[in-house]
Amino acid sequence: MKVDFRKLGLAVAAPVLAILVALVLTSIILLVAGDPVLQVWQVLFKAPLPRQIVAILNEATVLYLSAVAVAIGFKMNLFNIGVDGQYRIASFAAAVFAGANLLPGWLNIIVSILIAMVTGALWAAIAGLLKVTRGVSEVISTIMLNYIATYLVAYLLKGAAVKVEGSNATSTAVIAESSRVPGISVESWLGTGREIYGLIFLAIAVGILFWFVLTKTRFGFDLRATGRSESAAIASGVNVKKMVVTSMILSGAIAGLVGMPLLFGQDFAYGDTVQAGLGFAGMSVALLGRNHPVGMAVAALLWGYLNQLSNGLQISAGVSDKLVLIIQGIIVLSVVIAYEVVRRAGLRMEQRRVARELAAQPKPATEEVAA
Amino acid sequence: MSTSVTAKPEPLRATLTPGRPAWYWPALIGGALVVIATIRVLTGAHDIDSSGALAAAIGLAMPLALAGLGGLWSERAGVVNIGLEGMMILGTWGAAFFGFHYGPWIGILGAVVMGILGGAIHALATVIFGVDHIVSGVAVNLLGAGAGAYLAVRTFTGLPGGGPTQSPPLQKLPSISIPGLGDWLLGLEQSRTWLVADLAGILRTLTTDLNVLTVIAVGLLVFSWWLLWRTPFGLRLRSCGEAPQAAETLGVNVIRFKFLAVLVSGALAGLAGGFLVLVASNLYRDGQTGGRGYIGLAAMIFGNWRPGGLAAGALLFGYADAVQLRGRGDVIHAYLLPIGLMLLAWGIWQLVRRRTGKPVGALVRVALALAVLAWYWFTDEVPAEFTNMTPYIATLLVLAFSAQRLRMPAADGAIYRKGEAN
């Protein structure tokens with residue numbers, strides 16, 4: 001247990017250090033640019049208003065799903081940069097199906113969500129198959145697939161669009177009232193009319209499933225083993241090619257879920273105004289949360305918090321809300337550096353501890369060599 | 001193993017010399033020209049190689065080539081640089097800010113300096129702290145995009161013609177023309193004669209209205225090739241990307257070379273952003289880079305981590321981009337014909353040649369060819385969205401068909417730490 005506490009301390013030290021570094025560096029940038037430093041932090045460190053709390057939870061829900069999708073790949077050193085394209089093409093497919101209102105009520109929701117997962121999985125599978133059959137790096141192929149998805153959806157949207165009266169925006173048919181996921185009202189608690197996405201439970205379920213599969217199943221073990229050492233995984237009988245395709249498919253399936261809380265809890269249709277860039281934000285959250293189910297949840301909440309409170313920057317401090325992107329960028333960069341430094345420090349401590357214990361053990365030299 | 005020492009030079013020579021006759025490249029280029037001229041005359045899509053389209057292609061290829069060259073420097077030293085996009089964004093802001101206040105030449109310098117700043121962040125994370133290259137690159141992209149947007153709001157709001165997402169219009173860089181050729185070549189081009197008009201179009205593009213930054217970019221490509229492949233400095237730098245431990249044992253300061261290479265990489269990516277601001281348009285806009293850093297990286301991979309190859313890749317992608325920007329659905333449509341015919345010929349050739357084994361690949365090619373030809377036959381234009389996709393699909397296809405023939409630097413992306421050689 002003692003070792004666990006130290007590990008936990010090291011794991012928490014890194015992100016805290018990173019956030020402090022981000023505070024200092026951002027302050028310096030603000031000073032150099034001539035923006036009011038104090039006012040900016042006053043705005044960002046205010047306690048969030050009730051409606052902002054709800055918005056933070058909602059944003060975190062979406063970011064968390066995106067982060068889990070990315071983390072599945074990260075766990076085996078696979079960089080699924082294509083979550084962005086995968087969730088948009090999946091949301092579109094689900095919106096078209098759900099908007100047709102072929103099935104009643106909840107059945108419509110469930111089938112649509114399954115369609116989103118399958119679409120995301122298929123789109124991601126392209127990159128996985130290209131990697132194992134043609135040796136194309138998934139980093140490049142998923143980036144290209146993001147752009148292709150953008151234009152493909154734009155093209156298909158033109159065909160599937162329904163004319164909305166009094167608006168120039170094109171969007172798919174609106175989902176019937178009976179097939180919407182009801183929000184969670186917090187009026188009695190917080191006194192705000194805004195509702196939390198009902199699909200926040202989906203995000204929680206995905207998080208638990210992620211933890212379970214990763215730590216309690218053979219597949220999760222193989223996944224982590226491949227990420228740690230590919231040659232060792234092959235030696236222990238893991239089919240790495242199959243693992244690449246499978247984890248890409250799983251990652252894509254979860255990526256397909258990213259747009260679901262938005263679709264069934266807020267927009268009820270897929271239009272050209274749909275939010276882009278959630279995949280990249282998810283990557284930041286996964287890096288900050290270190291691919292850990294709880295860590296990523298904390299990171300997603302932090303990201304939501306920063307995004308929401310930065311909305312007030314322009315009005316209250318006269319500073320562009322784009323500042324939050326810099327803060328987030330610095331946090332991600334310093335956190336990965338901090339993790340690396342902490343990992344090496346931990347490794348050195350471990351080496352010293354082992355060396356000390358070995359030196360303390362009065363054993364013959366032959367056994368020491370074998371160890 | 002019976003291989004004696006004297007037998008060794010033979011296979012070595014075979015790998016060192018490309019094994020292609022001297023006429024290979026001229027014949028290939030000439031052949032392509034004849035094919036394109038024929039398609040142009042047959043389909044009537046005259047914009048396929050007009051000097052307008054080609055000039056646009058070169059203008060769009062240069063940022064890709066510069067970004068790709070940035071990738072080349074860094075990856076030849078063993079550092080994967082996916083942060084090119086972020087460094088480019090920093091470059092666009094630098095070019096616009098310094099270009100507006102101090103003129104376009106200082107604007108170039110501003111782009112380079114901002115790019116170096118981005119490179120320094122990536123170098124610090126990857127070379128000094130040993131962070132995963134892709135992770136650091138993604139973070140640099142986030143940071144670059146955020147910094148660009150924030151700085152634009154901070155510095156361009158309130159300027160005449162500027163706004164929070166856009167800089168004021170900037171002074172342009174001068175262009176170079178060889179006098180007396182332009183009109184004569186234009187006349188030849190407009191005659192639309194088979195092959196003559198095509199040659200005239202190409203010559204006109206190369207001799208008329210060439211921007212100085214284009215000339216500088218081409219110069220940098222050639223200079224980089226010479227420096228990296230013909231000097232001891234280049235050999236040492238490339239050795240850091242192939243076998244850093246071996247280089248270390250020979251006394252090369254690997255850390256310093258890698259750091260320097262990533263800084264140069266940032267400078268070139270910044271310059272690529274500067275090109276977008278100072279030549280391709282005349283202002284800074286949020287989102288101006290539009291993923292060109294990634295395409296530049298793809299061009300470099302397409303070019304097999306070689307300057308000549310990456311230039312060819314950049315031209316190809318630049319051309320595809322030019323066609324889509326000019327809104328020429330008919331040009332892409334015209335290309336469906338040769339692509340379909342080539343696929344068909346390839347598939348049939350494989351079917352005939354391969355008597356054993358399952359002919360799945362060949363059949364897929366034939367089916368694909370027939371689909372493309374049907375598409376050509378039954379439509380007159382490719383929808384705009386598909387024209388927009390062309391550069392990205394081209395990248396994917398090229399990588400899918402050639403990735404196995406590509407060879408990246410052996411230690412590319414590997415984390416190097418000093419003193420681990422033994």
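Predicted model: local features only at pLDDT ≥ 70, side-chain atom pairs only at ≥ 80, totals over all residues.
**View 1. The contact between chain A and chain B.**
Chain A brings 34 residues to the contact, and chain B brings 39 residues. On the side of chain A that touches chain B, the elements giving two or more residues are helix 5 (105-134), helix 6 (138-160), helix 13 (278-288) and helix 16 (323-360). Helix 16 of chain A supplies the largest share of this side, with 12 residues. By class, the residues on this side of chain A comprise 25 nonpolar, six polar and three charged.

**View 2. Helix 14 of chain A and its packing partners.**
Helix 14 of chain A covers residues 293-310, 18 residues in number. The distance from its first C-alpha to its last is 26 Å, close to the 26 Å expected at 1.5 Å a residue. The buried residues of helix 14 of chain A include Pro293(A), Met296(A), Ala297(A), Trp303(A), Gly304(A) and Gln308(A). Also among them are Ala299(A), Ala300(A), Leu302(A), Leu309(A) and Ser310(A). The partners against which these buried residues pack are helix 2 (37-44), helix 3 (50-74), helix 8 (200-216), helix 13, helix 15 (313-317) and helix 16 of chain A.

**View 3. Helix 3 of chain A, with Ala55(A) as a point of reference.**
Because 23 of its 25 residues are buried, helix 3 of chain A is largely enclosed by the rest of the structure. Ala55(A) belongs to this helix. With 20 other C-beta atoms within 10 Å, Ala55(A) is buried; the threshold for that class is 20 or more. Apart from neighbours within four places in sequence, the contacts of Ala55(A) are Arg194(A) and Gln308(A). Gln308(A) is itself one of the buried residues of helix 14 of chain A. The C-alpha atoms of Ala55(A) and Gly304(A) are 7.7 Å apart, although 249 residues separate the two in sequence.

**View 4. The packing of helix 5 and helix 6 of chain B.**
Helix 5 (residues 104-128) and helix 6 (residues 133-156) of chain B pack at an angle of about 150°, and their axes are 10 Å apart. This angle makes helix 5 of chain B roughly antiparallel to helix 6 of chain B, since angles over 145 degrees fall in that class. The crossing of helix 5 of chain B and helix 6 of chain B is right-handed. Helix 5 of chain B contributes Gly118(B), Ile121(B), His122(B), Ala125(B) and Thr126(B) to the contact. From helix 6 of chain B come His133(B), Ser136(B), Gly137(B), Val140(B), Leu143(B) and Gly144(B). The residues of the contact between helix 5 and helix 6 of chain B divide into four nonpolar, seven polar and no charged.

**View 5. The crossing of helix 3 and helix 14 of chain B.**
The axes of helix 3 (residues 51-76) of chain B and helix 14 of chain B come within 7 Å and cross at roughly 140°. Helix 3 of chain B and helix 14 of chain B are therefore oblique to each other. Their crossing is right-handed. The contact of helix 3 of chain B with helix 14 of chain B has 20 nonpolar, three polar and one charged residues.

**View 6. The loop between helix 13 and helix 14 of chain B.**
Asn304(B) is situated in the loop between helix 13 (292-302) and helix 14 (307-325) of chain B. Trp305(B) has its place in the loop between these helices. Phi of Asn304(B) is positive, near 55°, in a residue other than glycine. For Trp305(B), likewise not a glycine, phi is positive at about 55°. Asn304(B) counts as partly exposed, with 15 C-beta neighbours inside 10 Å, whereas Trp305(B) is buried, with 21 other C-beta atoms within 10 Å.

**View 7. The surroundings of Leu399(B).**
Leu399(B) is part of helix 17 (residues 384-402) of chain B. The residue is buried, with 21 other C-beta atoms within 10 Å. Neighbours within four places in sequence aside, Leu399(B) is in contact with Val136(A), Ile140(A) and Ser141(A) of chain A and with Ile301(B) of chain B. The C-alpha atoms of Leu399(B) and Arg236(B) are separated by 29 Å, and the two residues lie 163 residues apart along the chain.

Definitions and conventions: Residues numbered from 1 in each chain as written. Chains lettered and ligands numbered in written order. Contact = placed C-beta atoms within 7 Å. Helix = DSSP H or I, 4+ residues; strand = E, 2+ residues; numbered from the N terminus. Nonpolar A, V, L, I, M, F, W, Y, C, P; charged D, E, K, R; others polar. Expected span 1.5 Å × (residues − 1). Buried ≥ 20, exposed ≤ 12 C-beta atoms within 10 Å, placed from the backbone. Axes fitted to C-alpha atoms, helices over the stretch in contact; angles between N-to-C directions. Parallel < 35°, antiparallel > 145°, perpendicular 65-115°, else oblique. Left-handed = near helix turned anticlockwise from the far one by under 90°.
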